[in-house]
Structures are given as structure tokens and as C-alpha cells.
Amino acid sequence: MRDILRQNNADLLREIELLRERLETAASAIPAEVKPCHEWIISFCAQLQATARQNLEDLNLGKDSILPYILSNTQVLTLHVRLFNQRLVGPVLRTRESDRLCLKMLRWIHSTHTLTQRIPMALSDGDFASWPQLNWPTIYFMPPSAQYRLLYLPLFFHEFGHLLYACHEPEMDELVKALQKVIAQFLEPSAQRDDRHAQSEAKRISVIVETWYEWAHELFCDAVGFQMGGLAYAYAFSMYFRALMRDQYHIRPEELERRDHPVTWLRIRLLADRARRMGFGADANVLEDTWNKIAATMGVVEDYYGFYIDDLLPSIQQTIDDMIVEAAPRAFEAHEVSAAELLRLDSTSRPTSPVQLLNQAWRKFLDDEGEYTAWEKNAIEVLINDKDLI
Amino acid sequence: MSVQWLAVQSFQHNQDLLSAINKLSIHLRLQLEGSNDTERAEGANKAREMLSAFFRELETLVKDTEGGESVPVLGANPRLRQLARSFVTAKRNSHRFHSSLFRKGVGCFQQLLNSDRREDRTALLESLEELRVLLEEHMHVDAERVLGEI
């Protein structure tokens with residue numbers, strides 16, 4: 001057993017060393033935005049190597065009684081190296097010049113909050129997602145086609161919401177717990193019975209209440225998206241999802257149970273409500289009308305099977321508002337989203353912030369789709385070369 | 001918008017717990033065999049702190065879980081809720097899980113963690129061994145989601 005473990009740990013040491021060498025060779029090609037992540041990874045290689053060396057030292061003690069623990073430590077290290085190799089090294093080594101738009105945007109997003117300023121980050125290909133681990137760099141995923149455009153960059157704000165949740169997890173969990181209690185009380189039957197039906201109903205309510213942990217989390221991230229990106233986030237979110245399948249509008253009750261995300265149509269309802277409360281009534285109506293029309297064309301009737309009812313809206317929104325206060329993401333400023341202000345900007349005007357640029361992009365796309373492609377190309381070039389804006 | 005991060009978070013948390021269990025187990029085993037093992041003492045204390053904090057969090061969830069399926073587990077992510085359920089199921093499976101952690105509960109485990117008595121150290125080692133099995137089984141789901149299968 002000792003020899004088997006020695007082989008594995010020696011092999012891991014070599015593997016990590018190779019990775020470290022490859023990362024160091026690639027250093028000159030790593031963009032400035034990814035440098036902190038690159039440096040973090042190299043220092044983490046040293047930690048992994050130290051663990052492998054410790055395992056080898058423990059093996060040298062010659063004690064059979066501790067072999068099961070060294071085996072477990074070797075297994076933990078092997079999985080760690082595999083995760084590190086697949087999910088952290090990849091995004092850094094794959095970095096290319098065309099990532100600059102996304103990387104600059106992500107670096108700016110991290111710079112807007114004191115708790116995230118120093119968290120390294122990197123970009124990878126994939127559907128919109130993130131890995132917001134506080135003790136690791138945050139990895140953001142974006143579909144390759146969206147990486148060269150402005151329109152879907154606001155969806156990064158949602159992913160940043162996951163990182164803010166992680167930064168404030170104990171407080172956030174308490175707020176969500178309080179909401180879950182409100183939902184449980186609300187759904188509690190008025191008359192107490194003690195039969196099979198009552199037991200089954202109690203289980204159903206329990207499932208709904210637990211599901212709201214994940215849903216509150218996602219709705220918070222949507223609210224962060226709107227708080228930071230304004231209407232650009234709402235339009236990006238709507239456009240990205242509205243032409244997907246029926247499941248964006250309707251989910252069967254048995255599939256709603258412990259589902260990670262609320263039905264997208266419900267998220268649109270809550271986004272529209274948030275937009276309306278912040279003074280964007282007309283845009284909120286457009287958003288809802290669009291989804292209503294698509295749903296009607298498919299013959300879908302809105303139904304959340306008790307997982308959501310309108311009476312819960314005030315409690316849900318109050319909780320999300322409290323979570324926003326706790327997390328304190330950068331809020332958009334009026335001039336960054338106001339249609340009148342955006343219309344005043346001409347093609348030579350320099351945007352005051354990335355948020356204004358993203359809202360300008362959506363205004364341009366919605367008002368003048370034909371001219372949009374040429375405008376976007378120019379705007380991206382200006383953004384990438386502007387050293388002060390981001 | 002994927003929620004794979006939940007699996008990653010759970011995976012990493014369990015990896016850290018397993019490392020802590022192994023670190024403390026090696027230290028306890030060497031002590032029981034007559035070595036002072038002073039060089040590992042600080043790491044073992046950190047491992048104790050980590051396990052203690054983990055059980056403080058898990059204990060509340062376990063209490064909720066023991067209320068049955070009609071009592072929701074509140075304020076916890078789905079992987080942690082599942083771990084609490086697995087822990088309760090293990091407590092009921094005395095054939096596989098018979099250490100003091102699963103027989104006498106979390107409170108007793110917390111006492112064992114800080115005890116210097118030789119018999120307590122042996123009991124703690126047994127508990128850590130079974131906790132490791134539970135965590136490895138729990139982590140299997142996360143590992144599959146995060147790393148896939150070959």
C-alpha cells in the first residue's frame with residue numbers, strides 16, 4: 001500500500017510541476033485583467049505540491065496505522081488537482097486577445113465593490129454561469145458568440161450577484177430563512193387536520209418552502225443585475241431567454257419541486273415589478289407584453305402551482321430589497337439609463353461608465369436595429385482602447 | 001445560467017472537511033501510539049476548530065430534518081440540506097454507523113473533540129472514520145457534477 005501511495009503522490013508532484021511550468025511560460029501572454037488570477041494559480045500550485053510532499057513524508061514514517069488517512073489525503077489531493085486543472089488552469093491558459101472586452105468588463109464589475117476588488121477572476125466558454133468561491137478566483141462563463149458583443153454583457157451583473165451573496169452568506173441566509181418562514185406561514189392551511197391528505201399537503205408545503213431558498217438566491221441575483229445595469233439588464237435577460245423553449249414559461253408541478261431557478265416568466269414578472277417601482281413603468285409594460293405575447297402564441301397559461309402567488313409578492317420583494325441593502329452593489333445612476341440622456345449622446349460622445357454604454361447599446365439596438373452592428377463594432381473598439389473608462 | 005457553482009462549493013467544502021478529518025486522525029493515531037507529534041499539533045487544532053464550526057451549523061439543520069418531511073429545513077443550500085438528511089439517515093442505520101457521533105449525537109462529538117482522555121481519543125477516531133465515509137459518499141454526487149465521469 002505504501003508503494004502505491006508513493007507512486008501516486010510522486011506522480012501528482014510531477015503533474016503539478018508541469019502545470020506550474022506551463023503557467024509560467026504563458027505569463028507574457030496573460031492580459032493584465034487575468035494577471036491576479038494567474039499569480040494566484042501559481043501560488044496555489046505550491047500549496048498542492050506541499051500537500052503531496054506532506055503525504056510522502058507521512059508515508060516515510062513507516063506506520064501502517066495511518067495508511068488509511070494518507071490514502072484519503074491522496075484521494076482528496078487527486079480530486080483537488082483535477083478540479084484545479086480542469087476549471088482554473090484552463091480559463092487562464094485559454095485566454096486570448098478577443099477576451100479583452102469581457103475581461104475589462106469583469107474587472108470593472110469587481111472594482112465596484114470593496115469586498116470584490118481583490119478577488120481574482122477569469123473567463124471561460126460556456127452558458128452564462130460563475131463559480132463564486134471566496135477562497136478561489138471567480139470564474140465567469142459566457143457563450144463564445146456573446147463574448148464579442150455588448151448586448152449580453154449585462155448578464156455578468158447577475159453572476160456577480162452570486163459572488164456578492166457568497167461575500168455576505170450568513171446575513172443573506174438569515175434573510176432568506178425569514179422569507180421562508182413567511183411563506184410557510186402563508187401556505188399553512190387554516191384548518192388543522194390529521195389525515196393522509198393533511199400529511200401530504202404538509203410535505204408539499206415543505207418542498208415549496210425549501211425550494212424558495214434557491215429561488216430567493218436567483219431573484220436576488222436578478223435584482224443585483226437590475227440595480228447595477230438598469231434596463232440594459234432587463235432587456236438582455238428577456239432577450240436571452242424569451243425565444244427558448246416552453247419551459248421558460250411553464251414547468252410542470254412535479255418538476256418545480258426543488259428546482260434551482262424560478263420559472264423565467266416569473267423572474268420577468270419580478271424584474272418588471274422592480275423596474276416599475278424604480279420609475280420605468282413603460283419599459284416594464286413592454287417587457288411583460290413581450291412575454292405575454294409569446295406565451296399566448298404557444299398557448300401557455302401562467303401557472304406556478306402554488307410555488308408562487310401574487311399575495312407573496314410584497315414579502316418577496318421586501319426580502320430582496322433587504323438583501324440588496326446588505327450586499328450594496330453599485331447602483332446605476334439616472335444619467336446612465338435615462339432614455340432622454342442616452343438619446344442626447346451621439347456617435348462621438350464618450351460614455352461616462354460601462355453601465356451607460358450598455359444602456360446606450362440597448363437603446364440603439366431597440367431604436368435602430370439596422371445601424372446597430374456598425375455602431376457596436378465602433379463602440380467596442382473605443383471601449384477596449386479607453387484606459388480611463390474601465 | 002447554470003447552478004453548477006453549488007456543486008463546486010459543496011465539493012470544496014467537503015474536501016476541506018476531509019483534509020481536516022485526516023489531519024486530526026493522523027495526529028490522534030500517532031499520539032495513541034506514543035508519539036507527541038508536536039509538529040502536527042497546530043494543524044490538528046485548526047482541524048478541530050473547523051469540524052466544530054461545521055457541526056454547529058449542521059446541528060440546527062439536523063434538528064429540523066429530524067422533524068420529518070413535513071418540516072422544511074430553512075436557510076440552507078440544497079447540498080447542505082441533503083447532507084443533514086444523510087446524517088439523520090446514517091444515525092438510524094446502526095449497522096453501518098455505530099460510533100459515538102451517530103449513537104450519541106453532535107453534542108457528544110463536540111466534547112470528544114476537545115477531550116485529552118485516551119478513551120475519548122479512540123472514540124473520536126472512530127467517529128471521524130465514519131464521518132469520513134458519510135462525507136465521501138455525499139461528495140460523490142458533487143464530484144460527478146463538477147468533474148464528470150471518465
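**Close-up 1. Helix H7 meets helix H10 in chain A of this predicted model.** A:Leu219, A:Asp222, A:Ala223 and A:Phe226 of H7(A) contact A:Arg267, A:Leu270, A:Leu271, A:Arg274 and A:Ala275 of H10(A) (contact: C-beta atoms, placed from the backbone, within 7 Å; helices: DSSP runs of H or I, at least four residues, numbered from the N terminus). By class, this contact has six nonpolar, no polar and three charged residues (nonpolar: Ala, Val, Leu, Ile, Met, Phe, Trp, Tyr, Cys and Pro; charged: Asp, Glu, Lys and Arg; polar: the others, Gly among them). This is a predicted model: local features need pLDDT of at least 70, side-chain atom pairs count only at pLDDT 80 or more, and totals for chains, interfaces and linings use all residues. Residues are numbered from 1 along each chain as its sequence is written, and chains are lettered from A and ligands numbered from 1 in the order in which they are written.

**Close-up 2. An open sheet of three strands in chain A.** The order is E1-E3-E2, with mixed pairing (strands: DSSP runs of E, at least two residues; pairing: at least two DSSP bridges between two strands). Strands E1 (121–125) and E2 (129–131) stand at the edges with a single partner strand each, so one side of each lacks a neighbour in the sheet. E2(A) pairs with E3(A) (residues 138–142) in the antiparallel sense over three bridges. A:Tyr140 in E3(A) is the bridge partner of A:Ser130.

**Close-up 3. The side of chain B that touches chain A.** The contact takes 31 residues from chain B and 39 residues from chain A. H1(B) (4–32) gives the most to the chain B side, with 12 residues. That side divides into 15 nonpolar, 11 polar and five charged residues.

Note on methods
Contact = placed C-beta atoms within 7 Å.
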